[in-house]
Amino acid sequence: MSAEGAGVEVRFARSVRRWLVAYPPRWRRVRAGEITAVLADLAAPGATRLDVRSGLGLLRAGLATRRRMAPPFLVRMKYVAFDWPLPAQYRPWVDDQLRSAVPGQGLLTTPMMVFLLWGLPWLMGTKPIFDLTFLVLYLLLLGTIASSRGRGWQRQAGLRHLVPQAGEEPVPGWYIKGLVFHPRLAARSGANLAAVFFGVPAVVAATVLLAGGRLLHPLLGAFVLAGVPFALVGPVRWRHGIGRLPAQPARLVERASGRVRRIVASWTVVISLVVVAAVADDHSWIASAILGALLPVLPWVVAAWARTRGAVPDELTLVDLRDLTVRRHVQVDVALPGPVLWLPGGAMPAGAEHAPAPSGVAPA
Amino acid sequence: MTEQAYLVMLSLAHGPRHGYGIVQEVVTLSEGRVKLGAGTLYGVLDRLVDARYVEASGEEVVDGRLRRYYSLTDEGHGASVAHTRQLAALARTAHRALTARPVAGTA
């Protein structure tokens, strides 16, 4: 039950939620409603916020709980540095890590990170890492990549780190390997994001190149022309295809969440800054290359964005628009293997690969 | 076992209680000396649950507020009894030590 649903004055519950920030996310999901009710009982009648002394007590206790639930340093390093699955008692901690906005584990283990941290500076040779502009862009890029973990990554990481390994008995109340919906971005929401992602850096690149006195390379015109046929064919095929979408029982159509919008915004800002910094540093070829990569897709993105301004079915996704443009028909998604919560007392989820355990203890 | 953990276990000796009920009972048992804050209470409860001395035993919503009840397990009851014996033995030893102290001026 959510804290607000616990029969507690809304402002008081909001105040408690802020003070609970030091607790691990999993602990908060399970206990927030309960502890909020206790704090409301302990507070003076009519209180609209938690008193500072109680709040500080929650911060202190939250940090202690976080320390207690975290694995020892060396065990933690196995996961953070080497991506090794940890013993079952630490899986709640790993679950919190996988759900966090910026998984620390990603900073060290992603091959891209290794390349950006050591390979790229080495390849660039003359560019000292202590250059302030470079360093700022570098850190922005690292942060953006680290926080750009999508649903697919969470699903794969969940299979590796959360579900019982071979020889382990699954337990009710915890994850088990099963089948999950295939998430897809709704067409309008996806087209909006694509327009921002492809449009803003392209406009920035063209503007700074022209403002810097660099002529746009004639090849860029060819890139635009390469994308125009898709922008012309797409709307024609959408006119016929959108009304005949196949049933998608394994698909989950979603609008972009705040997290996805933040990721796209971060990438847009980082790419635009790279373009500006490159032109300012007399490396306009970098800006031209980025512009060249964006231009072939941009006409189709603009066409998709314009189409989704009008009425479109709720079940239409951006991928469907792409499929209709390229293949004339929409692919039917299949359910994906992923971690599924086995509810205590419930039947084993569909697609689960383990036989039900006769009994078990749910992890804390 | 800390005094707070011991008092929380004693508060559950007569049956399951919810968080606020435990806080009140601890105040009574300690004659007003120990007043658990919510953060401290749940830290103690977490540790006792991990040690399997205490377990969650159902929940209900009262006046729109979530009440989760906790009860003492058999292991917890045994640990409480053992700790009480230790304290009682210590109290007897302390009593003997203090009564055997020579009165000033008589040595």
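**View 1. Contacts between chain A and chain B.** In this predicted model, 22 residues of chain A are in contact with 18 residues of chain B, two residues being in contact if their C-beta atoms, placed from the backbone, lie within 7 Å. Helix 2 (25–42) and helix 3 (52–69) of chain A are the elements that give two or more residues to the side of chain A that touches chain B, and helix 2 of chain A gives the most, with 10 residues. Helices (H or I, at least four residues) and strands (E, at least two) are DSSP runs, numbered from the N terminus. The residues on this side of chain A divide into 13 nonpolar, 5 polar and 4 charged, where Ala, Val, Leu, Ile, Met, Phe, Trp, Tyr, Cys and Pro count as nonpolar, Asp, Glu, Lys and Arg as charged, and the others, Gly among them, as polar.

The model is predicted, and local features need pLDDT of at least 70, side-chain atom pairs count only at pLDDT 80 or more, and totals for chains, interfaces and linings use all residues. Residues are numbered from 1 along each chain as its sequence is written, while chains are lettered from A and ligands numbered from 1 in the order in which they are written.

**View 2. The largest nonpolar core.** A nonpolar core is a set of buried Ala, Val, Leu, Ile, Met, Phe, Trp, Tyr and Cys residues joined through C-beta atoms within 7 Å; a residue is buried if 20 or more other C-beta atoms lie within 10 Å of its own, exposed if 12 or fewer, and partly exposed in between, with C-beta atoms placed from the backbone. Of the 40 residues in the largest such core, A:Leu39, B:Val8, B:Ala38, B:Leu41, B:Leu45 and B:Leu48 touch the most other members. Elements of both chains supply at least two residues each, among them helix 1 (10–19) of chain A and helix 3 (38–50) of chain B, and the largest share, 8 residues, comes from helix 2 of chain A. Leaving aside neighbours within four places in sequence, B:Ala38 is in contact with A:Ile35, A:Val38, A:Leu39, A:Leu42, A:Ser54 and A:Leu58. A second, separate core of 34 residues includes A:Leu193, A:Val204, A:Ala303 and A:Leu316.

**View 3. The sheet of chain B.** Chain B has 4 helices and 3 strands, and its elements run α-β-α-α-β-β-α from the N terminus on. The strands form an open sheet with the order 1-3-2 and antiparallel pairing, two strands being paired if DSSP finds at least two bridges between them. Strand 1 (17–18) and strand 2 (54–62) of chain B each have a single partner strand and stand at the edges, so one side of each is left without a neighbour in the sheet. Strand 2 of chain B is joined by 7 bridges to strand 3 (residues 65–72) of chain B, in which B:Arg67 stands opposite B:Glu60.

**View 4. Surroundings of A:His161.** A:His161 lies in helix 9 (residues 151–161) of chain A and is buried, with 22 other C-beta atoms within 10 Å. Not counting residues up to four places away in sequence, A:His161 touches A:Pro85, A:Arg91, A:Val94 and A:Leu98. A:His161 and A:Pro87, 74 residues apart in sequence, are 9.2 Å apart in space, C-alpha to C-alpha.
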